[in-house]
Amino acid sequence: MRRYGSNRSSRSFRPPKLNITSMMDMFTIILIFLLFSFSSEPELAGMEKDMELPQSTAKTDFQDTIKLVLSQSTLKMGDDIIAHIEDDIIIGLDPKDLKSSDLYRQLSDRAKTSVEITTEPEGPRPILLLCDRRLPFKTINQITKTAALAGFPNFQFAVLEM
Amino acid sequence: MPGLKRKKNRDEPDVEVDMVPIMNMFLVLVPFLLMSASFLHIKAINTSVPVLGSASKEKHVDPSLKTTVVLELNKTAMALSLNADTIEPKEAAKWRRQFSKKDDDAFPLELLADHLGQIKNAYPASDTLIIVPNGDVLYETIIQTMDVARYKDSETKLFPNVVISGKIG
């Protein structure tokens with residue numbers, strides 16, 4: 001055995017050639033696929049991890065505008081938390097006095113600047129509303145009512161493409 | 001032919017391109033792109049809520065061709081009616097329908113789509129549907145209903161202007 005081993009090590013060692021052509025092909029395909037699905041848009045920014053958007057057949061792209069994110073636990077404007085939600089009730093948003101809420105104040109401020117800068121005849125741009133699919137309408141209705149009062153009656157409901 | 005092959009092998013040395021740096025680059029690029037790739041595509045449904053005092057800017061159309069569909073949603077059924085302000089009350093009553101949930105706890109959306117298609121044929125200038133959901137109706141149900149009401153298929157429009165209104169009272 002010893003003799004056999006020493007004979008083997010004495011021969012010049014030639015490293016085995018690895019054929020990486022097929023691996024290169026595979027990587028090229030993966031790379032092209034990923035480059036196509038690469039998205040620089042921060043589409044899901046601000047969404048909670050447990051949030052689920054409804055699926056839809058809609059094909060319209062959303063506009064870059066005010067974004068409200070309504071999950072089962074928080075209401076966010078962009079990335080800022082405006083209110084917390086408990087048992088489908090928005091804390092700090094009194095249905096009888098919507099104008100006293102933080103949401104109304106912030107949206108009215110945005111509406112003032114929006115009217116100043118917008119030249120669109122249709123008025124302010126729609127609000128992009130990302131809502132969890134399990135929320136009841138009573139919760140969403142408070143948001144849409146408040147936004148309409150603040151001067152944003154048009155909405156874009158964000159959905160996942162089917 | 002075998003002679004030719006032998007000659008070629010003797011004259012031209014094997015040239016091997018070093019693929020290792022390219023492989024390294026791929027190995028860095030693939031995880032980076034995997035992390036930043038977005039496999040969920042977000043789209044949007046345009047809608048609005050009714051606002052007091054918003055004057056109608058639409059063109060004048062023959063009232064006999066146009067009406068507004070009102071769809072009330074609750075947890076167990078959908079009630080469809082036409083706005084009797086624009087058409088005869090008798091005519092409006094003819095189109096009234098109720099769609100109750102099926103055994104599998106889903107709304108019969110195909111029946112709703114068929115009925116909306118018939119209304120669209122009768123009033124081709126109509127493009128507005130008002131959804132009036134109850135407070136306990138889930139957002140997902142509203143979106144499914146909007147999908148059915150807006151387009152019959154990718155080409156045929158039914159009622160693309162969907163207005164969401166909370167129940168009064």
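Me: What does the secondary structure of chain A come to, in helices and strands?

Reply: Chain A has 4 helices and 7 strands, where a helix is a DSSP run of H or I with at least four residues and a strand a run of E with at least two, numbered from the N terminus. Along the sequence the pattern of chain A reads α-α-β-β-β-β-β-α-β-α-β. This is a predicted model, in which local features need pLDDT of at least 70 and side-chain atom pairs count only at pLDDT 80 or more, while totals for chains, interfaces and linings use all residues. Residues are numbered from 1 along each chain as its sequence is written, and chains are lettered from A and ligands numbered from 1 in the order in which they are written.

Me: And which pattern does chain B follow?

Reply: Chain B comes to 5 helices and 6 strands, in the order α-α-β-β-β-α-β-α-β-α-β.

Me: Why is A:Arg14 called exposed?

Reply: The C-beta atoms around it are counted: a residue is buried if 20 or more others lie within 10 Å of its own, exposed if 12 or fewer, and partly exposed in between, with C-beta atoms placed from the backbone. A:Arg14 has 6 such atoms within 10 Å, so it is exposed. You will find A:Arg14 in the loop between α1 (2-10) and α2 of chain A. Its C-alpha atom is separated by 55 Å from that of A:Glu161, 147 residues away along the chain.

Me: Nice. What share of the residues in chain A is buried?

Reply: In chain A, 27% of the 162 residues are buried; in chain B the share is 21% of 169 residues.

Me: Why does A:Asp88 count as partly exposed?

Reply: A:Asp88 has 16 C-beta neighbours inside 10 Å, so it counts as partly exposed. A:Asp87 has 6, so it counts as exposed.

Me: What makes β2(A) and β6(A) a pair of strands?

Reply: Strands pair if DSSP finds at least two bridges between them. β2 (residues 67-70) and β6 of chain A have 4 bridges, in the parallel sense, so by the definition they pair. A:Val69 has A:Leu130 as its bridge partner in β6(A). β2(A) also pairs with β3 (residues 74-77) of chain A, antiparallel over 3 bridges, and A:Leu68 stands opposite A:Met77. A hairpin with 3 residues joins β2(A) to β3(A).

Me: What makes two residues of chain A and chain B count as being in contact, and how many are?

Reply: Contact needs C-beta atoms, placed from the backbone, within 7 Å. On that basis 42 residues of chain A touch 35 residues of chain B. The elements giving two or more residues to this side of chain A are α2 (21-37), β6 (127-131), α4 (137-149) and β7 (154-161), and β7(A) has the largest share, 8 residues. One bridge links A:Gln156 with B:Asn46.

Me: Which residues have the most contacts inside the largest nonpolar core?

Reply: They are A:Leu70, A:Leu129 and A:Ala158, in a core of 54 residues. Such a core is a set of buried Ala, Val, Leu, Ile, Met, Phe, Trp, Tyr and Cys residues joined through C-beta atoms within 7 Å. Helix α5 (residues 139-150) of chain B gives the most to this core, 6 residues. Leaving aside neighbours within four places in sequence, A:Leu70 is in contact with residues including A:Leu75, A:Leu129, A:Ile140 and A:Ile143.

Me: And which residues of α4(B) meet α5(B)?

Reply: From α4(B) come B:Leu109, B:Leu112, B:Ala113 and B:Leu116, which meet B:Gln144, B:Val148 and B:Ala149 in α5(B).
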